Amino acid sequence: MKVLIATEKPFSKVAVDGIKEVTDAAGYELVLLEKYTEKSQLLEAVADADALIVRSDKVDADVIAAAKQLKIVVRAGAGYDNLDLDACTKAGVIAMNTPGQNANSVAELVFGMLVMAVRNFYNGTSGTELKGKKLGILAFGNVGRNVARIAKGFGMDIMAYDAFCPAEAIEAAGVTAAKNQDELFEQCDVVSLHIPATPETKKSINATLVGKMKKGGILVNTARKEVIDEESLLALMQERTDLKYVADIKPDMDADFAAKCEGRYFATPKKMGAQTAEANVNAGIAAANQIVAFLRDGVTKFKLN
Ligand code: 3PG
């Protein structure tokens, strides 16, 4: 069996070594395609792969069609908007993710970016503290829960809303449940996004919603750039010069945000949320174990299609 790791943004070395230990123990061959720049490189590399491990790498219908031997693809991470699940299903390929494995890493970055934002991006002026501020968590999954845990240490007042998680489950975690998204934005000083990119959520974070935030509101996006209605957020931020926006990965309109919201905007050049040795090890090794469990024993836990 041949397992291909195809990562445009590579795992840490320690994660690749850990994955290799798992595939070696199963008697599988491990092949690496890292930092590739052309889709054609991926199409070539998947041709004889039985299993594929990716991160945010796009696995579309062309990739699936080129992967004639492919039995399983695992997205080492949480969000799987990069996988064409229909194409996988049609080709009889099982798709999985590794939920929770990189959640703490993403949650820690939320606070890294948030402290930077409340301290005015370290420009020398007086900022504010997080203690006593109200944090709104939009979607209470693995990342949202870790954000809540860390926010308690900062002494923040925490509220969350999740369309798919009952209010009781949110309250059981010691967090106030908002009635809806509107209430979350209206009440909180900071809103942190943890929704997946789906047809329903794409461009759902717009001026109407963010415009409900109090004076000095901060929007933190470590989810997906696609959930933001960039044009409307940019227009709002030009009107509301008190608002700040920090994002993990540059929005399509990065240059406009940078030029028009100077001193109130920051975006990472590459998606950095899960880019820690620990998250890479956790997600990468989980992916390798899931592949072995599936190919050897037919285990389909975390199957997405
Ligand atoms: C995820 O969905 O797991 C995160 O966004 C991490 O993505 P990455 O593996 O591309 O860093």
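Across the interface of domain 1 and domain 2 of this predicted model, three residue pairs are in polar contact, both residues at pLDDT 80 or more; a polar contact is a pair of N or O atoms within 3.5 Å, in which, within protein, one must be able to donate a hydrogen and the other to accept it, and residues adjacent in sequence count only if both atoms are side-chain atoms. By class, two nonpolar, five polar and two charged residues make up the side of domain 1 that touches domain 2 (Ala, Val, Leu, Ile, Met, Phe, Trp, Tyr, Cys and Pro count as nonpolar, Asp, Glu, Lys and Arg as charged, and the others, Gly among them, as polar). The model is predicted, with local features requiring pLDDT of at least 70 and side-chain atom pairs pLDDT 80 or more, whereas totals for chains, interfaces and linings use all residues. Residues are numbered from 1 along each chain as its sequence is written, and side-chain values use heavy atoms, with hydrogens and water left out.

Domain 1 comprises 2-101 + 275-297 and domain 2 comprises 103-267, the bounds coming from an automatic or database domain assignment. The domain centres, taken over C-alpha atoms, are separated by 30 Å. Nine residues of domain 1 contact five residues of domain 2 (heavy atoms within 4.5 Å). The two domains bury about 500 Å² between them, 40% of it on carbon and sulfur atoms; buried area is the accessible area (1.4 Å probe) that two parts lose on being put together, summed over both. Of the area that domain 1 buries against domain 2, 63% is supplied by Asp-81, Gly-100 and Thr-276, more than by any other three residues.

One salt bridge spans this interface, defined as a side-chain nitrogen of Lys or Arg within 4 Å of a carboxyl oxygen of Asp or Glu. Arg-224 forms a salt bridge with Asp-81, with 3.1 Å between the closest N and O atoms. The whole structure contains 17 salt bridges, including that of Lys-13 with Asp-17, at 2.7 Å between the closest N and O atoms.
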